[in-house]
Amino acid sequence: MKIAMIGTGYVGLVSGVCFSDFGHDVVCVDMDPAKIEMLKRGEVPIFEPGLDKLMAKNVAAGRLTFTTDLEEAVQGVEAVFIAVGTPTRRGDGHADLTYVMAAAEQVARALTGYAVIVTKSTVPVGTNRQVKQAVRKANPALDFDVASNPEFLREGAAIDDFMKPDRVVLGVQSDRADEIMREVYRPLFLRDFPIVTTDLESAEMIKYAANAFLATKITFINEIAALCELTGADVKQVSKGIGLDGRIGNKFLHAGPGYGGSCFPKDTKALARIGQEHGLPMQITETVIKVNEEIKDRMIQKLLDLVEGSFNGKIVVVLGVTFKPNTDDMRASPALKIVPAMIGGGAKVRVVDPQGRHEGESQLPGVQWAEDAYKAAQNADLMVILTQWNEFRALDLKRIAKKMNTPKLADLHNIYSERDAKKAGFEAYVSVGRRDYFRTED
């Protein structure tokens, strides 16, 4: 099949590359000439493990190309995917559909024959019907269908998620559109991955409901972690105990400094806004948003307690500032609230992150960037594990403790233990939701 992918951001680029690996002819379109030139040179503008090699493979095979010419790209296509950004709109928390609607109108004017116009971007319920109206208005004579095909890609594991999905959701209105969409995903259908066909509104709602539920699960275990600290329970044992229940499952039950990223913050706010617009507040989701912010505040207080109530004059090493490992994405990362709080309190902050510096230099002004944890630890007063990169899971804690002025460790992802820290020579250690907390004077 011939497919056009409008937008080469995270979702568009990963989807376009993977569709080409299915054997389809894919043209990726972006209005940014610099980004297209970069892609033509074989350079990937985002960090996603394995994406560069898969892209190179399909470009070499002639199945994947990049252009700024939308009109040429959509000629003869059977499906056009819209994968542009839907950032949170200032003031009301809703998803901004400016880019989606602009893309739909451009596609409508460029198409000369039947195609399915597929919304891949995450959009509020009812958007695909708006897209249909916009396309019809822009080109009344056009023969087309619209479809909703929400993405469920985890940054850092996106290729595997695309190739081995839990499910593929197809919101369609006609048999013709359904047939084309199933042909697009035929390689997955043949391998018996679940294909869920729904109406447009249900497909749109599935995306928001899924992300809101996962955000709720993360926030729930973080609240339980806070209670564990007060009662003497261990959140890791609690997580294991409840996660073995098949009705609950063990994923997204790891206590930490709160969720971030490109999806959960944006999608929970949008779902809350949709509920408000329909006179039915999403009370659980609204509470999740509130509690997630409070969790970050609680992490800041933990760090303050470790430095006797003041960051002033302290040297703090932060390990990881991206919202999760295996990505360079810092959108809504807990670091964006925690690090400025320390700097604002007078701390000198050194940051180590395998992929975070590119975005971090503009997002976190005032920090110093270090190559590794050992160099950063020199004369430091506190080390904070904020993102659980693999590089931080097997540190030589004894070596680090010797380099520090006051060896104190805030392990906000429970990678280590009280025993590990004590044995290494740390004088203070704190984790999340566990009894693993000590000071040498205790």
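The questions and answers below concern a cavity, a strand, a helix and a loop residue.

Guide: This is a predicted model, in which local features need pLDDT of at least 70 and side-chain atom pairs count only at pLDDT 80 or more, while totals for chains, interfaces and linings use all residues. Residues are numbered from 1 along each chain as its sequence is written, and side-chain values use heavy atoms, with hydrogens and water left out.

Visitor: How much space lies in the largest cavity?
Guide: A cavity is a set of points, on a 1 Å grid over the protein atoms alone, where a 1.4 Å probe fits but cannot get out; lining residues have an atom within 4 Å of a point. Grid points are joined across faces, edges and corners, and a volume is the space filled by probe spheres set on the points. The search of the whole structure finds one cavity of 30 Å³ or more. The space in the largest cavity is about 50 Å³.

Visitor: Which helix gives the most to the lining of the largest cavity?
Guide: Helices (H or I, at least four residues) and strands (E, at least two) are DSSP runs, numbered from the N terminus. The lining includes T119, V123, A203, E204 and K207. With three residues, the greatest contribution comes from helix 10 (residues 200–231).

Visitor: Why is strand 1 largely enclosed by the rest of the structure?
Guide: Buried means under 20% relative accessible area, with exposed over 50% and partly exposed in between (1.4 Å probe, protein chains only). Strand 1 (residues 2–6) is largely enclosed because its buried residues number four of the five.

Visitor: Which residue of strand 2 stands opposite I6?
Guide: Two strands pair if DSSP finds at least two bridges between them. Strand 1 runs parallel to strand 2 (residues 25–29), and five bridges join them. The residue opposite I6 is V29.

Visitor: How far does helix 13 reach from its first C-alpha to its last?
Guide: The expected span of a helix is 1.5 Å times one less than its number of residues. Helix 13 (residues 283–306) has 24 residues, for which 34 Å is expected. Its buried residues include V288, V291 and I295.

Visitor: What separates the C-alpha atoms of V123 and L97?
Guide: V123 lies in the loop between strand 5 (115–119) and helix 6 (127–138). V123 counts as buried because its relative accessibility is 4%. Although V123 and L97 are 26 residues apart along the chain, the separation of their C-alpha atoms is 7.4 Å.

Notes:
1 Å grid on protein atoms, 1.4 Å probe; cavity = no way out; pocket = protein on both sides within 12 Å on 5 of 7 lines; lining within 4 Å.
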